[in-house]
Amino acid sequence: MRPLIITEGKTKLSVPEHNEVFFNPQMKLNRDITISIVNAWPKKGAFCDTLSGIGAKGIRVANETDIEHVLLNDLNPHAQRFMKKSITLNNLDNVSIEKKDANILLSEHKYDKFDIIDIDPFGSPAQFIDSAIRAILPKNGLLCVTATDTGALCGSFQNAALRKYGIKAKKTTFYNEFGVRALVGFCVREAAKYDIALIPVFSHATRHYYRVFLKTERGRTAATKAMKMVGHIGYCYTCDMRKYNHTGKCCNRDVEVLGPIWQGKIYDKKLVRKMEPVSSEAEKLIMLCTEESEFVTPYYNIHAIEKKHKIKAGSFKKIIASLGKASRTHFSNFGIKTDAPFRTFIRTLFQQQQQQR
Ligand SMILES: C[S@@+](CC[C@H](N)C(=O)[O-])C[C@H]1O[C@@H](n2cnc3c(N)ncnc32)[C@H](O)[C@@H]1O
Ligand SMILES: [Zn+2]
């Protein structure tokens, strides 16, 4: 079991040659974005990397941001060797290590709360969110959550969605945005019972995972307000119409009522503007997220719409220009975001088609 040393960002990491402890180089963007957010975040006290594997994310946060203290935790008995080696490689004096069950560790921090908590498990984060909320500062805390059970959240596995998140999920043409909004909605519902509001400040769906960052706000009023942003979405499989809190008929059949999901913005534009990208991939993502940050209606997949309505809408640039308030989206290369009413959106596509003739 010889450890290897790699460099990720500005940090040296001791990584396993075999798979005795978890390390996935493909999650670099997840860590890059976390670095940008922590750097842009006003409170940089204690960061808990709750399920840290070899500690890649926490070690990078300790080395590449002004955080005061990082706690690395992983149950795997082999993890500490890699954590310790990386701490030495980067001369860090602001990192400590634990080997506890994540929920027990978080419960022990009920009175000694963290400014920032990262939850990055295998599969679903659902079982860790409640204890994370009890261990995070109730005001201006930052909860960072990764989910790799995208099949449950986006509606491919409907029973898993119901069991783990208490939602009705079904695959739509905006499945990954549905998944991100379902994850945000779940976290908001978990926090509300403690009179804590969770508000998303940055979210992305990348490759096989969803990642959401939520800030805490204390108080009954804030928690109630957040809960009122969690609700259902009506979706028509025939014409692709989607609308929050919508029931009834569309195209002569009942719309599918899915959710509950988060219906509000999934970015804090001010924060996103402060985020300094640490890689070209992160730069591209942050740029797209800035563009789409104002829109709350799930994106339209233009190819799906063209097929359903038998049209050829033409260039994305022109569609966005004709809509006025619209943007591209990081969720899909074929996606367009707009909060225009559905009929206006479809009419614009038809006008676009006519202009091409
Ligand atoms: C997906 S990996 C974490 C990856 C890491 N955040 C990174 O960026 O490389 C999940 C880790 O959680 C650990 N783990 C699983 N269940 C746990 C639990 N109940 N308490 C603490 N650690 C746990 C596993 O050993 C594994 O290393
Ligand atoms: Zn319809």
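## Helix packing, domains and a ligand shell

The axes of helix 13 (residues 316–323) and helix 14 (residues 342–356) come within 10 Å and cross at roughly 125 degrees. That angle makes helix 13 oblique to helix 14, given that angles under 35 degrees count as roughly parallel, over 145 as roughly antiparallel, 65 to 115 as roughly perpendicular and the rest as oblique. This is a predicted model, in which local features need pLDDT of at least 70 and side-chain atom pairs count only at pLDDT 80 or more, while totals for chains, interfaces and linings use all residues. Residues are numbered from 1 along each chain as its sequence is written, and chains are lettered from A and ligands numbered from 1 in the order in which they are written.

**Helix 13 against helix 14**

- The crossing here is right-handed; a crossing is left-handed if the near helix is turned anticlockwise from the far one by less than a right angle, and right-handed if clockwise.
- For the angles, axes are lines fitted to C-alpha atoms, for helices over the stretch in contact, and the values run from 0 to 180 degrees between N-to-C directions.
- Helix 13 brings Lys-318, Ile-319, Ser-322 and Leu-323 up against Phe-345, Thr-348, Leu-349, Gln-351 and Gln-352 of helix 14; contact means C-beta atoms, placed from the backbone, that lie within 7 Å.
- Sorted by class, that contact has 4 nonpolar, 4 polar and 1 charged residues.
- The classes work like this: Ala, Val, Leu, Ile, Met, Phe, Trp, Tyr, Cys and Pro are nonpolar, Asp, Glu, Lys and Arg are charged, and the others, Gly among them, are polar.
- Helices (H or I, at least four residues) and strands (E, at least two) are DSSP runs, numbered from the N terminus.

**Helix 8 and its partners**

- Helix 8 and helix 9 (residues 220–227) pack at about 150 degrees, with their axes 9 Å apart, and are therefore roughly antiparallel to each other.
- Helix 8 passes helix 9 in a left-handed crossing.
- On the helix 8 side you'll find Val-188, Ala-191 and Ala-192, which meet Ala-223, Ala-226 and Met-227 in helix 9.
- Helix 5 passes helix 8 in a right-handed crossing.
- Ala-126, Ile-129, Asp-130 and Ile-133 of helix 5 make this contact with Phe-186, Cys-187, Glu-190 and Ala-191 of helix 8.
- Here the residues divide into 6 nonpolar, no polar and 2 charged.

**Two domains**

- The protein chain is assigned domain 1 (4–293) and domain 2 (301–356), with bounds that come from an automatic or database domain assignment.
- The centres of the two domains, taken over C-alpha atoms, are separated by 30 Å.
- Their contact takes 15 residues from domain 1 and 11 residues from domain 2.
- On the side of domain 1 that touches domain 2, the elements giving two or more residues are helix 8 (175–192), strand 8 (196–206) and helix 11 (280–292).
- Helix 11 gives the most to that side, with 5 residues.
- By class, the domain 1 side has 7 nonpolar, 3 polar and 5 charged residues.

**Around ligand 1**

- Of the 18 residues around ligand 1, Phe-22, Leu-51, Gly-53, Ala-102 and Asp-120 come nearest; a residue is near if its C-beta atom, placed from the backbone, lies within 6 Å.
- The shell has 9 nonpolar, 4 polar and 5 charged residues.

**Backbone spots to check out**

- The peptide bond from Gly-259 to Pro-260 is cis, with omega near 5 degrees, and Pro-260 is found in strand 14 (residues 256–262).
- Asn-91 has phi near 50 degrees, a positive value in a residue other than glycine.
- Asn-91 sits in the loop between helix 3 (79–89) and strand 5 (95–98).

Definitions and conventions
Contact = placed C-beta atoms within 7 Å.
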